[in-house]
Amino acid sequence: MVRVGLVTALLLVVAFAVFSLLSGAAYLELPLPGGLPFGNALMAAGLCAAAWAALTLSPRGSARSMLAACALLAAIAWLPLSIALAGNLALNFAGGRGSAWLLLSLGIVLLVLCALALALVYALLRSSSNR
């Protein structure tokens, strides 16, 4: 039962992040202490929450849990790598670094989404077969 509550909370974080980012909410530009825009932190939190949910739903030691663990590590690394590529907290890019960042971000998002989708499908199949 704890897993259900944790996964639900994590998916709510993901939903809030996706809704906020897709709607272009004004609060995304609010600077956090240190100057990091809230939207950048929210994107990182959403990626980490999705990967963590996938890891929580996957049986330990399975290929799905390995994929989810890799997705979680990539999600954790997304913000530091993004800041390093941009050279600033606002993630304003110059030159070819913007293209590299887009590819990096797309790869990490796809990895996280694949891990989450796979974990959710198997969890739903497992729950329907237990009925």
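1. Let me start with the contacts (heavy atoms within 4.5 Å). Of those in the protein with a separation of 6 or more, 61% are between residues 24 or more positions apart. A word on provenance: this is a predicted model, where local features need pLDDT of at least 70, side-chain atom pairs count only at pLDDT 80 or more, and totals for chains, interfaces and linings use all residues. Residues are numbered from 1 along each chain as its sequence is written, and side-chain values use heavy atoms, with hydrogens and water left out.

2. Overall layout next. The protein has 4 helices and 0 strands, giving the pattern α-α-α-α along the sequence. Helices here are DSSP runs of H or I with at least four residues, strands are E runs of at least two, and both are numbered from the N terminus. Along the principal axes, the C-alpha atoms fill a box of roughly 55 × 25 × 20 Å.

3. On burial, 34% of the 131 residues count as buried. The cut-offs are under 20% relative accessible area for buried, over 50% for exposed, and partly exposed in between, with a 1.4 Å probe and protein chains only. The accessible surface comes to about 7,700 Å², and carbon and sulfur atoms hold 75% of that. Those areas come from the Shrake-Rupley method with a 1.4 Å probe; for residues, only the protein chains shown count as cover.

4. H3 (residues 63-86) deserves a look. Even so, H3 bends by about 40° at Trp-78, with Pro-80 following within four residues. The bend is the angle between axes fitted to the seven residues ending at a position and the seven starting there.

5. What does H3 pack against? Its buried residues sit against helix H2 (38-57) and helix H4 (97-129). Those buried residues include Ala-68, Ala-71, Leu-72, Ala-75, Trp-78, Leu-79 and Ser-82. As background, an α-helix has 3.6 residues a turn, so residues three or four places apart point the same way.

6. The stretch after H3 has two backbone details to check. Gly-87 follows the helix with a positive phi near 80°. Leu-91 also has a positive phi, about 60°, although Leu-91 is not a glycine. Leu-91 sits in the loop between H3 and H4 and counts as buried because its relative accessibility is 11%.

7. H4 has 33 residues and reaches 48 Å from first C-alpha to last, close to the 48 Å expected at 1.5 Å a residue. Among its buried residues are Gly-98, Trp-101, Ser-105, Ile-108 and Val-112. Leu-102, also in H4, counts as exposed because its relative accessibility is 52%. Leu-102 and Ser-82 are 20 residues apart in sequence, with C-alpha atoms 9.5 Å apart.

8. Where is there a nonpolar patch on the surface? Leu-118, Val-121, Tyr-122 and Leu-125 form one, with about 350 Å² of accessible area together. Patch members need over 30% relative accessible area and no salt bridge; like charges are joined within 9 Å, and nonpolar side chains (Val, Leu, Ile, Met, Phe, Trp, Tyr) within 5 Å. A salt bridge is a side-chain nitrogen of Lys or Arg within 4 Å of a carboxyl oxygen of Asp or Glu. Leu-118 is in H4 and, at 33% relative accessibility, is partly exposed.

9. Ser-58, in the loop between H2 and H3, is buried at 6% relative accessibility. Not counting residues up to four places away in sequence, Ser-58 touches Arg-64, Ser-65, Ala-68 and Ala-119. Ser-58 and Tyr-122 are 64 residues apart in sequence but 8.2 Å apart in space, C-alpha to C-alpha.

10. Trp-52 of H2 is partly exposed, with a relative accessible area of 42%. Leaving aside neighbours within four places, Trp-52 is in contact with Leu-6, Leu-10 and Leu-72. The C-alpha atoms of Trp-52 and Leu-72 are separated by 6.2 Å, at 20 residues apart along the chain.

11. Last, is Ser-20 buried or exposed? Ser-20 lies in H1 (residues 2-23) and counts as buried, at 0% relative accessibility. Its contacts beyond four places in sequence are Ala-25, Tyr-27, Leu-28 and Leu-42. Ser-20 and Arg-126 are 106 residues apart in sequence and 32 Å apart in space, C-alpha to C-alpha.

Terms used. The expected span of a helix is 1.5 Å times one less than its number of residues.
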